[in-house]
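I opened my notebook to look up a few things in this model. Here is what I had on screen.

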Amino acid sequence: MEKKRQLRWERLDNAALIFPASHRKTWSNVFRISFSMRDMIDPDVLQQAVNHLTPRFPTICARLRKSSFWFYLEELEHPPIVRADSYQPVMHMSREEYSSCCIRVLYYRNRLAVEFFHAVTDGTGGMLFTKTLAAEYVRLFYGAEVPAEYGIREIGVTVPQEELKDDFKEY
């Protein structure tokens with residue numbers, strides 16, 4: 001019998017605590033970042049790119065869980081599933097949805113988009129994730145190497161601890 005892997009978890013940082021506590025159906029709790037590509041998005045290649053990125057961003061590719069006393073993020077056992085974009089961007093994310101995955105990776109024609117439940121990251125982290133996803137997609141689809149600079153993170157490496165810490169206490 002195969003031993004089940006222990007999933008990594010992180011407490012929500014101080015800025016993120018407000019989002020699950022103030023969850024309302026009438027309040028949009030997600031934000032979106034998108035990129036337009038030259039060619040139509042290939043969903044299979046985009047899924048491969050997401051699969052490669054998931055271990056590099058364990059606190060973004062995560063689900064929101066609740067313990068007895070606090071909310072926390074638990075890394076996903078499997079990468080998020082790429083989906084066709086809906087007619088309504090930035091749709092409200094339900095508790096059931098962010099309990100299984102806090103991000104949506106979407107495509108429509110030549111556009112790739114990521115929608116983030118705001119408790120997993122802010123705009124800067126969302127931009128780093130989406131730029132890295134776009135770079136990995138370009139690498140897989142076009143065979144072009146995109147250097148890890150200007151906010152694009154190197155994948156296939158151990159996540160640096162400074163990327164996982166709560167800077168609110170320090171700054």
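**Ground rules.** I am working with a predicted model, where local features need pLDDT of at least 70, side-chain atom pairs count only at pLDDT 80 or more, and totals for chains, interfaces and linings use all residues. Residues are numbered from 1 along each chain as its sequence is written, and side-chain values use heavy atoms, with hydrogens and water left out.

**The sheet.** I looked up the strand order and found an open sheet of four strands, β2-β7-β6-β5, with mixed pairing. Its edge strands are β2 (30-36) and β5, each pairing on one side only. Strands here are DSSP runs (E, at least two residues), helices likewise (H or I, at least four), numbered from the N terminus; two strands pair if DSSP finds at least two bridges between them. I then checked β5 and β6, which pair in the parallel sense over three bridges, and V82 stands opposite V105 in β6.

**The helices.** I see α2 lying across β5, β6 and β7, at about 155 degrees to β6. α4 packs on the sheet too, touching β2, β6 and β7, and its direction makes about 30 degrees with that of β2. Angles run from 0 to 180 degrees between N-to-C directions, with axes fitted to C-alpha atoms, for helices over the stretch in contact. The buried residues of α2 include V45, L46 and V50; buried means under 20% relative accessible area, exposed over 50%, partly exposed in between (1.4 Å probe, protein chains only).

**Salt bridges.** I counted nine, each a side-chain nitrogen of Lys or Arg within 4 Å of a carboxyl oxygen of Asp or Glu. E115 bridges to R32, with the closest N and O atoms 2.6 Å apart. That pair links strand β7 to strand β2, 83 residues apart. Is E115 buried or exposed? E115 counts as buried at 2% relative accessibility, while R32 is partly exposed at 22%. R104 also bridges to E115, at 2.7 Å between the closest N and O atoms. R104 lies in β6 and E115 in β7, so this pair ties together parts eleven residues apart in sequence. Shared partners join R32, R83, D85, E97, R104, R111 and E115 into one network.

Last, I looked at T121, in the loop between β7 (111-117) and α4 (123-142). T121 is buried at 12%. T121 touches F31, I60, F116 and G126, leaving out residues up to four places away in sequence; contact means heavy atoms within 4.5 Å.
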